Amino acid sequence: MQSFPHTFKPLDLGFTQIKNRVVMGSMHTGLEEADNGFERMASYFRERAQGGVGLIITGGISPNFSGRVAPHSSQLSFPWQVGKHKIITDAVHETEGAKICLQILHSGRYGYHPLCAAPSKIKSPISPFTPRALSTWGVKKTIRDFANCAKLAQKAGYDGIEVMGSEGYLINQFVAPRTNKRDDQYGGDINNRIRFPLEIIDAVRNKVGKNFIIVFRLSMLDLVDNGSTWEEVVMFAKALESVGVDLINTGIGWHEARVPTIATMVPRAAFTWITEKLKQEVSTPLITTNRINTPEVIEDVLSSGHADMVCMARPFLADPHFLSKAANGKPEAINTCISCNQACLDHVFQQKISSCLVNPKACHETEFIATDSFTSKQKTFAVVGAGPAGLSFAIEAAKLGNNVTVYERNDEIGGQFNIAKEIPGKEEFKETIRYFNYHIESLGITLKLNSEVTPDNLIDSYDHVIIATGIRPRVPDIEGIASPKVLTYQDLLWKKQAVGQTVALIGAGGIGFDAAEFLAHDHNNLPTSLDKEAFFEEWGIDTSYKNRGAIKPKVSESSPRKIYLLQRKTTKMGKGLGKTTGWIHRQSLADKGIEMISGVNYKKITDKGLVVTIDNKETTLEVDNIVLCSGQLSNNELYHSLKKHQDNVHIIGGASLASEIDAKRAIDEGIRLAHTLAQ
Ligand code: FAD
Ligand code: NAP
Ligand code: SF4
């Protein structure tokens, strides 16, 4: 049995023990402000506590009004607010040894409202609001507000607090010369710039006493111009140690940094080296973070001495029972976070409740009956199609005690995830296929590969038939489309059909961008997602820390072929991509020299290439190949022909609606249908 001894070793803080080395990091989920939000958060955190996490940190809560992230965001400043928080702490403490800290976050100039305040009156590049500069009195008042918030957290039953000092929020804005131009005792040299956070910790400790955990999230890499130097980070960490913080957590990159820090193309554990560097300087236990998503990586990070604890946030959305599965020696059972951001961070930016692409129950716990407490008559289900929609249905229905058979026409499961995982930087998608495979076997689901279902060959003895047959690529009506130069994205990415040195991609949605990324690499010399050095070079991360903020000029490999990425719309390229990741895809292609053209009108395909008009001017893009990434159509013929004769047929995923189908919707539909039909 695989074991993880460093992960499950308790950490003694003197006055208290944390039962293992894993922290669930702070995530704003939107539940903080939702109807019945505290009851829902209680269910959400209860399940993670039951799943074995050592220490939970809540989403950021502001200590006063000006520190709110948005006008309606959460704040803890008044005694009448304590009762609500108690619902959460009671739920967590139902599990023996589970601990929870409240994160106190003042957003400073990132506050999305006109009353935001900062050390100096300097607008952030990612906010429309210019902050007011806090007066010296205002700084001192803010320090008192932090201490008051911590005291209220203690009254609410929290085991401690985390002071958010990174990601470019208020405290980080005081510490870095980039945003602190003050001329009072809180600005100027580093001793003055760190005075604000040190006085906060001092004031908090005075209010809460000794036996209360104080975590400080320290920005170890700002990744912006005029951020901190390494010497300043060390000096600050030592000062934090002397004022009595119990744990120092790692912060990587300001929100305005143009460096990906958690997206899927960031190599696993890419930033633990910076925590290790600080470990040489301080003795306070250090927590490391960012792109750690498997028990093997946690164990490796801890056993190689990079940190005393590991902080993961999104992996606990993907699987609340991550740690109990690891503790039971079943890491393959874990539903791995693929770092897509699609249902977590992207939702936050769209003012929706966070969830998880691979686990749509996350933050919606109260909408689902627990699978282990569900009892109903065992039913039989046939699922046609082993893509994300069909498999999420199959696994959930089997967990609910039903008898499931899956038919798949290919020789492998996974549907289009088999293509997605081929894109450089999206290798994590293979983990979802691994998770599906594990549970097909562990739940005794009957899997019939190489089994194409037609209206004639499906055995009709099932209680329900679920059609999850996905999509097929749309072939646009362009003169010459039958040319041998033309191939679909499936021909390119699945069948690995060869293409020449010049390629035009018709369609610039998610798949167009992915196909361009695929073509922009030399496939004889593909970097893997473990290639940290290539990642640091591509995004200009200065691991020698010679420069303030640890950034340096980027060094990008240009594409080995000439690529045109085309769309008819005149809007910005990649506008429909993920809110928090679209800029990374655009930047990555631009850096590799891909030509992205909007407002294209396709005229015809000739032996020479693709004839188009751009700005009413006709031109021929002389290309060897044209790859169709022009959307998709539902594979729904089987459904319609079965539905004529049977009522017990249901359709989900791309087969149901091809327009804008993504894995988030496919998996969500599968799981929800399983709960509906199992009742
Ligand atoms: P599919 O994945 O298409 O699965 C359908 C399955 O049914 C297939 O395995 C097929 O072989 C089988 N089948 C069809 N007909 C029959 C039959 N008659 N009998 C038996 N079996 C049959 N989505 C995201 O959310 N995020 C991403 O980052 C992302 N990246 C992508 C990158 C690429 C390159 C591609 C191509 C897609 C990407 N997607 C992404 C889209 C995502 O993969 C799809 O939305 C999702 O797979 C749809 O799931 P599905 O189960 O409905 O269909
Ligand atoms: P898509 O995002 O809808 O893009 C389709 C593209 O085809 C558009 O650029 C569209 O642009 C073009 N198009 C549509 N009809 C056309 C026609 N008749 N002729 C020529 N061009 C046409 O869909 P997709 O790229 O196929 O992706 C499918 C789904 O997978 C998406 O919903 C996406 O969410 C998901 N996905 C997500 C990611 C991710 O990173 N999150 C990655 C890959 C896929 P114009 O109409 O302007 O030409
Ligand atoms: Fe991870 Fe994607 Fe789920 Fe977010 S939505 S937790 S990034 S798998």
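In which crossing, left-handed or right-handed, does helix 3 pass helix 6? Helix 3 passes helix 6 in a right-handed crossing, a term that applies if the near helix is turned clockwise from the far one by less than a right angle. This is a predicted model, in which local features need pLDDT of at least 70 and side-chain atom pairs count only at pLDDT 80 or more, while totals for chains, interfaces and linings use all residues. Residues are numbered from 1 along each chain as its sequence is written, and side-chain values use heavy atoms, with hydrogens and water left out.

Select residues 136–155 and 195–208, which are helix 3 and helix 6, packed at an angle of about 35° with their axes 8 Å apart; helices are DSSP runs of H or I with at least four residues, strands runs of E with at least two, and axes are lines fitted to C-alpha atoms over the stretch in contact, with angles from 0 to 180 degrees between N-to-C directions. Among the residues that meet here are V139, I143 and F146 in helix 3 and F196, I200 and V204 in helix 6, where contact means heavy atoms within 4.5 Å.

Next, select E32, F38, M41, F45, T58, G59, I61, H85, I88, L102 and Y158, which line the second largest cavity (on a 1 Å grid over the protein atoms alone, a set of points where a 1.4 Å probe fits but cannot get out, with lining residues having an atom within 4 Å of a point). Helix 1 (37–50), strand 4 (55–61) and helix 2 (82–93) each give two or more residues to this lining, and the space inside is about 60 Å³.

Definitions and conventions:
Chains lettered and ligands numbered in written order. 1 Å grid on protein atoms, 1.4 Å probe; cavity = no way out; pocket = protein on both sides within 12 Å on 5 of 7 lines; lining within 4 Å. Points joined across faces, edges and corners; volume = space filled by probe spheres on them.
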